[in-house]
Structures are given as C-alpha cells and as structure tokens.
Amino acid sequence: MRLARTRRTLIAALFALLALLAPTTAHAATAVAGHLPARHAPGETVTLPVRDALAELTVADESRAGYSRDKFKHWTDADKDGCNTRAEVLLAEAVAAPEVGPKCTLTGGVWYSPYDDQYINDARKLDVDHLGPLAEAWDSGASAWTPKEREAYANDLDDPRALIAVSAASNRSKADKDPAEWMPPYAGYWCTYVTNWVADKLRYQLSVDPAEQAALAQRLAACPDQPITVTYAR
C-alpha cells in the first residue's frame, strides 16, 4: 500500500514537472522553427558577423499592396541649409568636390559609381540610390510604419550605407529589385553590396523574402564573414 502510494506520488510529481516544462519547451521549439529575432531599441548599436546578421532577419513573404512612392517623402532639407538629401549625399561622396552655387546647385566635381566601376564628372548623370529601394522597404515592413518613419528611411544620412551616389544607368537598371533579381554590373562590388544590404535591412528590422534570403546566403558564402556594426533606427 505504501509502495503504491509512493509510486502514485512520484508519477504525479513527474507529470507536474512535465507540465511546468512543456510551455518552455513549446516556446523554444516555436522560436527556432519560426525564427523570432529579438527586438532592439532605436539607437542601440550591435556588431556581429554579416552571416549572423542575415540569420537575424525575419524571413517572410512580401506584399506591395497599397504602395506608392509618394508615401516616402524624400529629398528633404532636414538641417535647412539649402541642400536637400540628394545634394548632401553628392557632397559627401564626391572624389573631387564640386562648387556649390545658389540653391545648392553643384558645378564640376567627380564621383565614383561602384555599381559599374565608373568615374563621373557631371552630377546630372548621377542618381542617389536607396540601397534598399523604397518599394522593397514597403514590401518588407515599411507599409506598417508612420509617414515620419518612412520619411526618415528615405532621407537616412546617419548611415552611409543607406544612400549611395551611382550612375543613373545602373540605378535605373536596378529599379526596385532585390539581390535575388539584380546585382551590380561590377562583380568586384558584390560582396560589399550584399553585406551593406543585410546591414540596411537589420538597421530597420525589415524582413527578407525566401528568394532574397537564399540569394544573400549564396553570395555571402563566397565573401568574407566580416563584422558589421549597425545602429537600429527603429
């Protein structure tokens, strides 16, 4: 009788222990299977290898429903110095500085376009590219942002990877494509391009679609697993 009671007590204790462990185990399994990365506060800075950064990104299908470029107010003049975001990028990235005239008109100057390995001496032949195109950002999570958040993304001068001066021809070839659909014509820039793409997505905690994730993983496998430093924007 005493042995039977002891056995029942042990069995009850075992089931109680399993009940306590079950939610934790289930949560852990869900986190691994669904890949639920930790949220980070705006302004928090992290440094990690780029392949680990890619693993931090949520993989999800994308939707362009409701997108309009007008929903990203861009080329603003945040510091009211007369030069808008586009001009600020051109001034910052010039290999040889242009002259700055009235209304921030740029004359002369030389720029290097890394997408196609070209030097360009006319600002009118340059586009300032959003590394993560506005439509791509919308697809990947920006559709849920406030207008101010989208404006900040479209005019991000705080991270030099976000906006880049390139030849108009290369930028228009890229359009709103991600790395599964388009890579720069100059193969020598590929590792930098995909590394910066991952950093940009991580900065804004945007998702990647399955084809995009696979393309990034394939490209990065042939590149140095270099550490990247990212300051979260949101």
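1. Which residues does histidine 40 touch, not counting residues up to four places away in sequence? In this predicted model, histidine 40 touches Val46, Gln205, Tyr232 and Arg234. The residue lies in the loop between helix 1 (2-34) and strand 1 (45-49).

2. Further details of histidine 40 complete this picture. With a relative accessible area of 18%, histidine 40 counts as buried, because buried means under 20%. Its side chain makes a polar contact of 3.0 Å with the side chain of glutamate 44.

3. The confidence of the prediction should be noted. The protein chain has a mean pLDDT of 88, and 83% of its residues reach 70 or more. Over residues 1-36, however, the pLDDT is below 50, and this stretch has six contacts in the model beyond near neighbours in sequence. Where pLDDT is low, the predicted coordinates should not be read in detail.

4. As to the overall fold, the protein chain contains eight helices and eight strands. Of its 234 residues, 40% count as buried. Among contacts with a separation of 6 or more, 72% are between residues 24 or more positions apart.

5. At the start of the helix, a side-chain oxygen of asparagine 84 comes to within 3.2 Å of the backbone nitrogen of arginine 86.

6. Aromatic residues form a further topic. The whole structure holds 13 aromatic pairs. One of them joins tyrosine 112 and tyrosine 119 in a tilted arrangement, with 5.0 Å centre to centre and 50° between the planes. Tyrosine 112 is partly exposed, with a relative accessible area of 28%, whereas tyrosine 119 is exposed, at 59%.

7. Ring pairs also link Tyr67, Phe72, Trp138, Trp145, Tyr153 and Tyr204 into a cluster. Elsewhere, a charged residue meets a ring: arginine 219 lies over the face of tryptophan 190, at 4.4 Å from the ring centre.

Methods
Residues are numbered from 1 along each chain as its sequence is written. This is a predicted model: local features need pLDDT of at least 70, side-chain atom pairs count only at pLDDT 80 or more; totals for chains, interfaces and linings use all residues. Side-chain values use heavy atoms; hydrogens and water are left out. Rings of Phe, Tyr and Trp (its six-membered ring) pair if their centres lie within 6.5 Å; planes under 30 degrees apart count as stacked, over 60 as edge-to-face and the rest as tilted. Buried means under 20% relative accessible area, exposed over 50%, partly exposed in between (1.4 Å probe, protein chains only). A charge sits over a ring if NZ of Lys or CZ of Arg is within 6 Å of the ring centre and within 35 degrees of the ring normal. A polar contact is a pair of N or O atoms within 3.5 Å; within protein, one must be able to donate a hydrogen and the other to accept it, and residues adjacent in sequence count only if both atoms are side-chain atoms. Helices (H or I, at least four residues) and strands (E, at least two) are DSSP runs, numbered from the N terminus. pLDDT is the predictor's confidence in each residue, from 0 to 100. Contact means heavy atoms within 4.5 Å.
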